[in-house]
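Thanks for coming. I will go through a few parts of one structure, so please look at the sequence and the model as we start.

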Amino acid sequence: MARAAKSRPLRDVADLTKAQAKVEHMRLALELEGHDKRYYQDDAPTVTDAEYDALRQRFNAIEKRFPEFVSAESPSQKVGAAPSGRFKKVRHSIPMLSLDNAFAEEDVRDFVGRIVRFLKLDDDKVDFSAEPKIDGLSMSLRYEGGELVTAATRGDGAEGEDVTANIRTLEDVPQKLKGRNVPDICEVRGEVYMTKKAFLALNERQKAAGDTIFANPRNSAAGSLRQKDPTITASRPLGFFAYAWGEMSAGAMPEDTQSGMIRWFERCGFKTNPLTKLCHSVEELLAFHHSIEEQRAKLDYDIDGVVYKVDRIDWQERLGFVSRTPRWGIAHKFPAERAMTVLRDIEIQVGRTGSFTPVGKLEPVGVGGVIVQNVTLHNEDYIKGIGNKGEVLREGRDIRIGDTVVIQRAGDVIPQVVDVVLDKRPKDAKEFHFPKKCPCPLHTDVTREETAAGEEGSRARCTGEFACPYQKIEHLKLFVSRRAFDIDGLGEKQLQYFFDEGWVKEPADIFTLEKRNSKLKLEEIEGYGATSVRNLFGAIESRRKIALERFVYALGMRHVGETTALALARGYGSWDAFHDACLKVARGDEEAMAEMDALDQIGDTVIKSIADYFGESHNRGIVERLTKEVEIIDAEKPKSNSAVAGKTVVFTGSLEKMTRDEAKATAERLGAKVSGSVSKKTDLVVAGPGAGSKLAEANKHGVKVLTEDEWLKLIGE
């Protein structure tokens with residue numbers, strides 16, 4: 001389940017006044033209802049499990065302190081969300097309710113303690129059936145006379161959606177129950193899921209067909225099952241685990257324990273989770289939870305915790321329900337941002353500037369609602385366990401191929417290894433040795449250089465520059481990107497295809513495609529046609545004129561980003577002047593180097609990078625051929641007599657009359673310097689709706705704050 005709200009500091013519920021709590025209670029109710037709809041009805045959650053759970057926990061804490069806020073419409077009194085309306089509604093004869101959640105060991109101990117006290121037992125001897133919590137779509141299957149008659153989703157717990165035709169396509173769901181002792185009316189409940197292997201294969205097919213890419217196996221299973229056309233469901237590899245029941249004919253319960261019912265489901269023809277275990281104490285429950293967490297990555301289905309249920313059914317009936325959750329069961333969740341898995345291999349990726357990035361290839365595992373297969377390993381020192389700034393890998397724990405590792409994913413940040421489980425290291429675990437040659441076909445030499453200031457370790461780089469095919473394609477991707485030439489219709493996929501075919505090896509080749517098309521015949525390529533090829537050539541033609549700063553950035557020189565490219569463009573004004581200066585700098589002309597050094601934001605690192613770039617004949621040839629195909633527009637000199645010339649400006653919050661990029665470009669054109677942070681040196685802060693910490697900093701330093709309208713009035717626009 002991938003559900004994320006931005007984290008923000010909140011006051012403790014105990015410190016809220018009743019009025020404050022009521023306002024937050026109403027806000028959280030609306031927020032939770034929206035998330036439930038997106039998760040249960042739309043199969044398109046927008047926040048992670050952990051963030052949803054945090055919202056729900058705070059909501060419950062408010063209701064616990066102020067029980068008068070609880071009403072029949074409260075999310076705490078509901079299960080899931082109402083059926084979407086795409087399918088016929090089915091009313092459950094016995095409601096499908098959700099389990100309460102436990103997040104810490106103490107929660108589990110409290111759960112067991114409550115059961116012992118409720119049943120008034122002299123000791124804590126209670127048996128529990130424990131099983132992995134499948135992250136799928138809950139389903140109720142109704143059999144009459146042993147024949148499947150209805151299949152319905154959970155919906156809001158009281159009513160679900162009729163997906164009988166689709167469920168009939170699943171091999172794991174018997175059309176007729178096997179064996180003897182089958183009640184005349186029998187509802188079997190469980191989870192529809194998709195294996196990780198099937199999920200990854202499905203997404204590859206979806207991507208190739210240009211269709212929706214699913215975020216995780218749960219969304220994939222839900223989207224596959226809730227199809228109007230059952231043949232689409234039949235084409236998707238869905239599984240089903242049985243683990244519970246609904247209505248049974250009076251007096252016809254086949255077994256008297258939860259574990260016995262699981263065995264009965266198997267005799268009827270259902271698959272049940274083979275990891276289900278009978279536990280006899282809290283310590284056994286916690287040990288089972290730890291064991292399943294360790295196995296999580298090796299399982300071919302996604303799980304997000306473990307479920308504990310009192311084994312004796314008569315005790316379940318005595319315990320009953322509190323609110324909308326059973327007293328006899330609980331879901332012990334895993335931490336959503338971390339998971340344990342096996343590192344299968346380490347590969348080297350070569351970036352646009354030749355830098356080597358080691359990437360760990362993992363046994364696929366679900367983390368924070370996403371299936372993770374790759375993890376960054378930063379650099380050679382990180383793998384050796386020397387450490388890397390900001391990470392939490394314990395010193396000395398070198399990472400080896402075959403290791404069991406703990407990975408962490410926060411928000412949209414690429415996952416990283418945070419620990420190595422040394423007691424699980426296999427005898428054949430292999431140390432990884434950084435290559436001395438680039439993995440490209442040229443096998444060019446590799447150099448090591450210190451990373452940027454503020455980081456630890458060093459970075460390995462290929463010295464091949466444009467000659468290295470890995471760097472070539474990355475340079476081309478930058479060249480066509482939005483901040484550079486911005487060629488519509490020539491994305492990474494198309495560019496990679498043209499590169500692999502040998503049609504585009506350097507930027508100038510893009511602008512000669514149309515001339516060569518009589519031989520290439522792009523319109524005959526699958527996915528193209530006369531119209532799309534014509535549109536592509538039109539987009540390329542429209543980019544033959546380009547601003548100097550965009551052109552300089554598009555060359556892809558190391559350390560020359562957008563801001564630096566703009567400073568160089570404004571400093572020299574024209575391509576001829578800049579090109580002449582670059583050639584002189586490459587020859588070591590001290591006067592030219594001093595002139596470049598005098599420009600704003602240009603220092604030794606940038607000058608050396610430019611010298612290296614234009615000192616390479618291969619690069620000069622690429623630039624020469626490119627400039628014959630395009631027209632480079634002179635840079636606009638910043639105004640020196642505007643109302644904001646020479647001032648430092650910060651934009652914060654939402655701008656409603658222009659984009660942030662437009663505002664920044666306008667300010668710089670008028671001679672202002674745009675900064676990303678507020679300090680005593682800031683002259684103006686332009687604050688739109690939603691302005692936060694930067695606005696607070698402006699008030700703290702006494703910096704003048706303008707609205708967007710006041711800013712536009714000041715600059716005369």
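First, the ground rules. This is a predicted model, in which local features need pLDDT of at least 70 and side-chain atom pairs count only at pLDDT 80 or more, while totals for chains, interfaces and linings use all residues. Residues are numbered from 1 along each chain as its sequence is written, and side-chain values use heavy atoms, with hydrogens and water left out. Helices (H or I, at least four residues) and strands (E, at least two) are DSSP runs, numbered from the N terminus.

Now the sheet. In what order do the 4 strands of the open sheet come? The order is β24-β23-β25-β26, and the pairing is parallel; two strands pair if DSSP finds at least two bridges between them. At the edges are β24 (673-675) and β26 (704-706), each pairing on one side only. From one strand to the next, the twist averages 30°. Strand β23, residues 648-652, is joined to the parallel strand β25, residues 684-687, by 4 bridges. Phe651 stands opposite Val686 of β25.

Next, the helices. Two packed helices are described by the angle between their axes and the distance between the axes. Axes here are lines fitted to C-alpha atoms, for helices over the stretch in contact, and angles run from 0 to 180 degrees between N-to-C directions.

Helix α3 (residues 105-119) packs on helix α9 (residues 282-295) at about 140°, with the axes 10 Å apart. On the α3 side, the contact (heavy atoms within 4.5 Å) is made by Glu105, Val108, Arg109 and Val112. On the α9 side are Val282, Glu283, Leu285 and Leu286.

In the second pair, α15 (residues 513-520) and α16 (residues 530-541), the axes come within 11 Å and cross at roughly 155°. The two are therefore roughly antiparallel, the term for angles over 145 degrees. Leu513, Glu514 and Asn517 of α15 meet Val533, Phe537 and Ile540 of α16.

Last, the lysine. Is Lys333 buried or exposed? Lys333 lies in strand β13, residues 329-333. Lys333 is buried, because its relative accessible area is 8%; buried means under 20%, exposed over 50% and partly exposed in between, with a 1.4 Å probe and protein chains only. Leaving aside neighbours within four places in sequence, Lys333 is in contact with Asp53, Asn101, Ala102, Phe103, Lys133, His289, Asp304 and Gly305.

Methods. Parallel < 35°, antiparallel > 145°, perpendicular 65-115°, else oblique.
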